[in-house]
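Thank you all for coming. Please have the sequence and the structure open while I talk, and stop me if a term goes by too quickly.

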Amino acid sequence: MEFRDTVAEAAFRSSLRAWFRSNRSNGEAWDLNVPADVVAARAWSRSLHDAGYAGLTWPVEYGGRGLDPTYQAIFYDEMAADRAPIHVGVIGLNMAGPTIIAWGTAEQKHRFLAPLLAAEEIWCQGFSEPGSGSDLAGATTRAVLDGDHWVINGQKVWSSHAHIADWCILLVRTDTTVPKHEGLTFLLVDMHSAGIEVRPLRQLTGEPEFNEIFFTDVRIPRESMLGRPGDGWNVAMTTLMHERGTLGFLFAAELQSNLSRLVEFVAVPAADGSTPAADPTVRAEVAREWVAVQALKFTNYRSLSRLLETGIPGPESSISKIAWAESNQRMTTLATRLQGMAGGLSGESAPWNGFWQQQQLRSRGNSIEGGTSEILRNIVAERVLNLPRAR
Amino acid sequence: MDFTLSEEQELLRKSAAEFLAKRAPIERSIPLIDGGGAAGWDPDIWREIAALGWLDDELDLLDQAVLVEECGAVLLPAPLFSTFVATPPGVESLLRQHGAVRERRLTLAWAEKGRGFGLTDALSAGLTVVTDATITGGKTLVVDAAKVSGFVIVAHDHDGPQMVYVDASDVRVYPHSTLDGSRPLADIELVAASALPLIPSADVAGVVAIMEQRACALAAAEALGVGRSALDLGLTHARERTQFGKPIGAYQAVSHRLVDAYAELELARSLTYWAVHCLQAVDDDRATACAAAKVAATAAAVHTCEVTIQITGGLGMTWDHTAHRLYKRAMALQSYLAGERRLYQDIADAVLPRGV
């Protein structure tokens, strides 16, 4: 067992650290979920790409660096330490991209992967519908073959970044005569196609972060799909594996950033004159969160070995996601509560411009998005602990 | 970076598990533990443990952690954990001059009434005094005192703190009724007992700090074994027990509790490996890493035992069921040396400035 960097890993880490230092845009990292300034976000992402920091583990022939997942973990580590903004194409990098790599034709890989890495094209995900969220296979958005085109009708919901996306990984029903898991197809849809309407949904934070997408007779080329008709469920499973696996490192990094902000926050006198860091109960709670952050970090590192073996994150990665969600919820709630009544303010009149209360409200979604904690517990129960199926 | 056990370590773990399953499964230890008697364990096993190489100087901390985890899983009553904890680093050759050290069974004695029970609390002067190579006084809450061949004692002389070795024949042991019968607590009395100084007085504080960190890491490792056994009991029951026509593990209220226990143990395992690494690498983070591992792993073990008692229902509430034994060991580990309150305080002091 070796926790220290190899010589190559250490070299990578130190040059990355130096790069962040000399290339950081000023100001705070954009909220992971709501790029306030898309142009700036794309420019930053472009610079990450040009420096070779996008697609670290992707095959070299598609613009990646072919490195093992340890380097991705190191990248997120340093990103967290620097509180640097993430690449705006987070859905592309962690969901669409890996799925295209696993299932795409050579042509599709050549067409899509490089622009994704360079943030020239941004991706969104069209999975959930009003009638099917956790029960993903219940999708009813329909695609019917008409000559050389699929014609799509239906509705997707909770689609983050759809309002800025160029492409969409879309799960549709193409066969209503077979059992539901067998009648799905995975399409790659140009978001600028005629018939697509994106309606932002306002979240309880006040921000429009996710969206409804309405499809009305949208025509896309027949070959714009991954796998064959009927493969949709299996392809989507690849997406979900990556969503829960590689995103785990990103979550741990975000959590580390939030922890370092929390440490700063409690050291400063609050609006009522008290200093939280002097309060033993607050100190114990912060210590608890520090422990949780380290546990998550090293659990992700341990899961690297399985990633290295199989290339696919295992069901144990569900634990990371559950733990991250709860940790982030506790941490942001603590910081909000420490403000006392002033925690009810938002915007400029609030401590830290309302950062913590915004994060706290948003954190309620952490245990819902990317697999609800309930579903993830079912997955661990069935696939890791060999307990009988709940449903 | 590589976060897996090496092949040798996996082999050690596997062979230890096999040896213990054959030679000291928990069912065989229970009558010894409950029988009270002089020993509460099977002394014959010690020779076999030594023959397996478990007491060799070549074993590093990670090897010891692997071993105590497996021993914890079966609540082995033999004083292996105590011996690992009590052996100060670097004094093996000194100890070897005194008796058959390959067979040495040791325990650390440091606590006295009226001051904190942490190892570093023992650095402040107590009532146990070393004068002219003898020691007089007493210690409380000594683990496995009736099972050992010698004691490593933290005391004082006119120079300051001392760490001495005292042969068991020179020590009076007063056992206490202990909840975890597999690891009984006792008071010891020393009356002008022959005391061998182990390290210079100026070094004692530093060595004690290292020993406390090591003890926390080993306690964390042992707790993982205890938790694992408790989880297995709960899982087996959840798969086999049926009610309302289904195995109860199919109900989410049951399965989700088991998942959370499993998750807590897995997260703690990561911290434990990190803590051991920090100690072996003399990393700057070692004190906080060991505190984090100890607080997390022991809490995980306690919670897992509570979940298992809940899942097994009335059965889990009986003396005959194994769960309560694992639970009592888990709780003993949780309070061993330093509990949650002190550990979180120490971690906070390391990571959090006190502010304006």
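This is a predicted model: local features need pLDDT of at least 70, side-chain atom pairs count only at pLDDT 80 or more; totals for chains, interfaces and linings use all residues.

**A walk through two chains**

I begin with one residue, A:Arg83, which counts as partly exposed because 17 C-beta neighbours lie inside 10 Å; a residue is called buried if 20 or more other C-beta atoms lie within 10 Å of its own, exposed if 12 or fewer, and partly exposed in between, with the C-beta atoms placed from the backbone. Residues are numbered from 1 along each chain as its sequence is written, and chains are lettered from A and ligands numbered from 1 in the order in which they are written.

A:Arg83 sits in the loop between helix 3 (69-82) and helix 4 (90-103) of chain A, where helices (H or I, at least four residues) and strands (E, at least two) are DSSP runs numbered from the N terminus. Although A:Arg83 is not a glycine, its phi is positive, at about 55°. Most residues other than glycine have a negative phi. In chain B, B:Phe244 also has a positive phi, near 50°, and its place is the loop between strand 9 (242-243) and strand 10 (246-247) of chain B. B:Phe244 is exposed, with 7 other C-beta atoms within 10 Å.

Let me now turn to chain B as a whole, which has eleven helices and ten strands. Its radius of gyration is 21 Å, close to the 21 Å that the globule rule gives for 356 residues, so chain B is as compact as a globular protein of that length; the radius is taken over C-alpha atoms, and the rule is 2.2 Å times the number of residues to the power 0.38. Buried residues make up 52% of the 356 residues in chain B.

Which residues touch the most other members of the largest nonpolar core? In that core of 224 residues, they are B:Leu258, B:Ala275, B:Ala293 and B:Ala296, a nonpolar core being a set of buried Ala, Val, Leu, Ile, Met, Phe, Trp, Tyr and Cys residues joined through C-beta atoms within 7 Å. Helix 7 (residues 201-240) of chain B gives the largest share of this core, 18 residues. Leaving aside neighbours within four places in sequence, B:Leu258 is in contact with residues of both chains, including A:Ala381, A:Leu385, B:Leu231 and B:Ile311, where contact means that the C-beta atoms, placed from the backbone, lie within 7 Å.

The contact between the chains takes 42 residues from chain B and 43 residues from chain A. On the side of chain B that touches chain A, the largest share, 15 residues, comes from helix 8 of chain B.

Finally, consider how helices pack. The axes of helix 7 and helix 9 of chain B come within 8 Å and cross at roughly 20°, the axes being lines fitted to C-alpha atoms over the stretch in contact, with angles running from 0 to 180 degrees between N-to-C directions. That makes helix 7 of chain B roughly parallel to helix 9 of chain B, since angles under 35 degrees count as roughly parallel, over 145 as roughly antiparallel, 65 to 115 as roughly perpendicular and the rest as oblique. In chain A, helix 9 (residues 317-337) and helix 11 (residues 373-384) pack at about 150°, with their axes 9 Å apart, and are therefore roughly antiparallel to each other.

How values were computed
Two residues are in contact if their C-beta atoms, placed from the backbone, lie within 7 Å.
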